[in-house]
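My entries follow in the order in which I made them.

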Amino acid sequence: MTVWIIFLLGILVFLALDLGVFNKNAHVISVREASIWTAVWVSLSMLFSGVIYWLYNTGKIDNVDGLEPMEATIDYITGYLIELSLSIDNIFVIAVIFTSFQIPQKYQHRVLFWGILGAIVFRALMIFFGVALIKKFSFTTYIFGAFLIFTAIRMVTSKEKPFEPKKSFLYRNLRKIMPITSHMDGQKFFVKLRHITAATPLFMALIIIEFTDVLFALDSVPAILAITSDPFLVFSSNIFAILGLRSMYFFLAHMINKFQYLKYSLVAILSFVGIKMILAHHVKFPQWISLGFIGVALGLGILVSFLREDRAD
């Protein structure tokens, strides 16, 4: 538990510095600032793989699956890449939510900050129950695997409908139980209007972002459980991907449409991990195959997107 406590305290320190020091005053996040923070979080995530190796090499963490240090390190990096790649769709949805509620750019970081805190809690719960299910009932790997393949097929075959947050089930029902105003008062989530307290667009955007993250986690958590069922590896790779999501949003939001072929990379990744999960009790995939496949799929999606974009220009 000592390692878990230190890890969680470290995350809380990073978040406190983020909101209390680096982003104390609301401001528009420039592409340069976002690119710097994206590089920082990716670098920290990769450096943490060295910590993973050390923890599993020295036996300072409960190694429930009996992994070798290098196996644990590869599983962590593979899980991190999966979470990062599946976050691309989440970035697009966040951009739509902010546009729908007309959230000024300088307030978007605050919404994402609190959204990240909520996401950490929800992901922790989903990971805990997901790992518990796999450990207790081995047949659940077939269910998770089939679900991931179904999701991949749905991404290819279903017609994409524009997401309209204000017409969502959640927003329509929240309006029935709480006062909502279109008025904003700085970074406040609630404002006093005469004798009532009403939720501002910032709060509504936060709630819908939290809800959509839970929906995205239904894909991403089973996907990483196909790589490893070690709780610390699943949780740490998830958390680092989520923490880097904010800066990545400001870095990619304005050019998300350029990565139109990345969708097929995600389809390939979900299909691969789904098949891997179904065959888990029959075929042992070397870790380097998973890491290599995910890396190649992402690289090809990004490369083809840029090549097609250049031809279009």
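**Entry 1: the largest cavity**

I sorted the lining of the largest cavity by class and got eight nonpolar, two polar and two charged residues. In this sorting Ala, Val, Leu, Ile, Met, Phe, Trp, Tyr, Cys and Pro are nonpolar, Asp, Glu, Lys and Arg are charged, and the others, Gly among them, are polar. The lining is made up of N90, I94, L112, G115, I116, A119, I209, D213, I242, L245, R246 and Y249. I then looked up which helices supply at least two lining residues each, and found α3 (69-100), α4 (105-136), α7 (201-225) and α8 (231-252). The space inside is about 100 Å³. My search of the whole structure gave one cavity of 30 Å³ or more.

I note the terms here. On a 1 Å grid over the protein atoms alone, a cavity is a set of points where a 1.4 Å probe fits but cannot get out; a pocket is an open set with protein on both sides within 12 Å along at least five of seven lines; lining residues have an atom within 4 Å of a point. Grid points are joined across faces, edges and corners, and a volume is the space filled by probe spheres set on the points. Helices (H or I, at least four residues) and strands (E, at least two) are DSSP runs, numbered from the N terminus.

Residues are numbered from 1 along each chain as its sequence is written, and side-chain values use heavy atoms, with hydrogens and water left out.

The protein chain averages a pLDDT (the predictor's confidence in each residue, from 0 to 100) of 80, and 91% of the residues score at least 70. Where pLDDT is low, the predicted coordinates should not be read in detail.

**Entry 2: the second largest pocket**

Which residues lie nearest the centre of the second largest pocket? I found A226, I227, T228, K276 and K284, out of 22 lining residues. The volume of this pocket is about 470 Å³. Helices α3, α9 (262-278) and α10 each supply at least two residues of its lining. By class, the lining has ten nonpolar, eight polar and four charged residues.

**Entry 3: the hairpin**

Strands β1 (residues 190-193) and β2 (residues 196-199) run antiparallel and are joined by four bridges; two strands pair if DSSP finds at least two bridges between them. V191 has A198 as its bridge partner, and L193 stands opposite I196. Two residues separate the strands of this hairpin, and R194 in the turn has a positive phi of about 55 degrees.

**Entry 4: single residues**

Is R123 buried or exposed? R123, in helix α4, is buried, with a relative accessible area of 6%. Buried means under 20%, exposed over 50%, and partly exposed in between (1.4 Å probe, protein chains only). Beyond its neighbours within four places in sequence, R123 is in contact (heavy atoms within 4.5 Å) with E83, D213, A217, S220, V221, N238 and I242.

Q102 lies in the loop between α3 and α4 and is exposed at 64%. Its phi is near 55 degrees, a positive value in a residue other than glycine.
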